[in-house]
Amino acid sequence: MRPLFMIIYIFVKTVCSFPIRAYNKLIYKDSKERFDRNYQMLHKMSYRMLKIAGIQVEVDGNCHYEENNPLLFVGNHRSDFDSLIMIAYLKRPMIFIGKSEIKKMPLIGKWFIDVGCIFIDRKNAKESLNAIFEGIERIKEGYSLVIFPEGGRTREEGIREFKPGSMKLATKTGVDIVPITLYRTEDCYEKNHKIASAKVKMAISEPINMEKEGLKNTVAIAEYVHKMIENNYKEMEEIYSLRNS
């Protein structure tokens with residue numbers, strides 16, 4: 001019954017919030033103010049959605065970064081729930097660079113449009129590059145961005161290699177990078193192909209300043225962030241194994 005209640009909740013909240021989202025679009029157009037206001041609604045809704053679905057999230061790290069400067073959040077990707085988990089627990093307004101299929105998702109797709117997300121067709125190299133350029137401009141305008149540089153959901157254990165091209169978002173803007181490690185989020189849906197109660201974990205690392213760490217190019221950044229997330233993932237895996245042995 002939990003999945004049904006969650007779907008009903010999303011439907012009701014989406015319908016009831018339509019006048020507010022329409023007002024925000026009318027008054028603020030496509031400005032950061034509009035997307036930030038919509039994000040705060042989605043933040044509260046996502047948190048409640050996870051509770052209704054029975055998804056428990058253990059968070060390790062700081063969820064409340066100062067909003068003075070934009071940040072680039074970089075995470076591994078195991079589930080369609082990854083974005084909702086991040087939105088539910090990170091209060092700072094963020095926009096995602098994600099696959100174009102998200103726009104077609106019932107109800108949720110509209111929300112991601114209304115918080116200013118950038119959509120790409122991963123099979124189209126030119127479109128993917130344009131999305132990176134758009135993301136660079138958004139960061140310069142003060143937005144914080146989220147990317148999943150594995151290039152799609154990881155179905156096997158561990159962390160796939162990160163695509164260095166996405167790290168241009170950092171090298172072209174000088175923004176600090178916050179690694180996000182997500183563990184067992186596939187239990188929320190992908191494991192059994194249905195929404196299910198699950199216990200997952202999200203680790204939020206301290207921001208990485210490229211200059212202080214001597215990271216001068218996209219390859220070095222991708223390898224550095226990948227290693228940090230991979231180490232966090234392995235630690236989570238060891239703890240999980242000990243708890244269930």
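Two strands count as paired if DSSP finds at least two bridges between them, and helices (H or I, at least four residues) and strands (E, at least two) are DSSP runs numbered from the N terminus. The model is predicted, so to speak of local features requires pLDDT of at least 70, and side-chain atom pairs count only at pLDDT 80 or more, while totals for chains, interfaces and linings use all residues. Residues are numbered from 1 along each chain as its sequence is written, and side-chain values use heavy atoms, with hydrogens and water left out.

## Sheet

Seven strands make up an open sheet of mixed pairing, ordered β1-β7-β6-β2-β5-β3-β4. At its edges are β1 (55–61) and β4 (118–120), each of which pairs on one side only. From one strand to the next the twist averages 20 degrees; axes are lines fitted to C-alpha atoms, for helices over the stretch in contact, and angles run from 0 to 180 degrees between N-to-C directions. Strands of a sheet pair through backbone hydrogen bonds, either parallel or antiparallel. Here β2 (residues 71–75) and β6 (residues 176–183) pair in the parallel sense over five bridges, and Leu 72 stands opposite Ile 177 in β6. Helix α8 (residues 218–243) packs on the sheet and touches β1, β2, β6 and β7 (198–204), where contact means heavy atoms within 4.5 Å. The direction of α8 makes about 30 degrees with that of β6.

## Pocket and cavity

Both kinds of space are found on a 1 Å grid over the protein atoms alone: a cavity is a set of points where a 1.4 Å probe fits but cannot get out, and a pocket is an open set with protein on both sides within 12 Å along at least five of seven lines. Lining residues have an atom within 4 Å of a point. Grid points are joined across faces, edges and corners, and a volume is the space filled by probe spheres set on the points.

| Space | Volume | Top contributor to the lining |
|---|---|---|
| Largest pocket | about 500 Å³ | α5, four residues |
| Largest cavity | about 40 Å³ | α2, four residues |

The largest pocket is lined by 20 residues, and Ile 120, Arg 122, Ser 128, Gly 151 and Lys 163 are the closest to its centre. β3 (94–99) and α5 (125–140) each supply at least two residues of this lining. By class, the pocket lining has eight nonpolar, five polar and seven charged residues; Ala, Val, Leu, Ile, Met, Phe, Trp, Tyr, Cys and Pro count as nonpolar, Asp, Glu, Lys and Arg as charged, and the others, Gly among them, as polar.

One cavity reaches 30 Å³ or more. Its lining includes Lys 32, Asp 36, Met 94 and Tyr 143, and the elements giving two or more residues are α2 (32–53) and β3.
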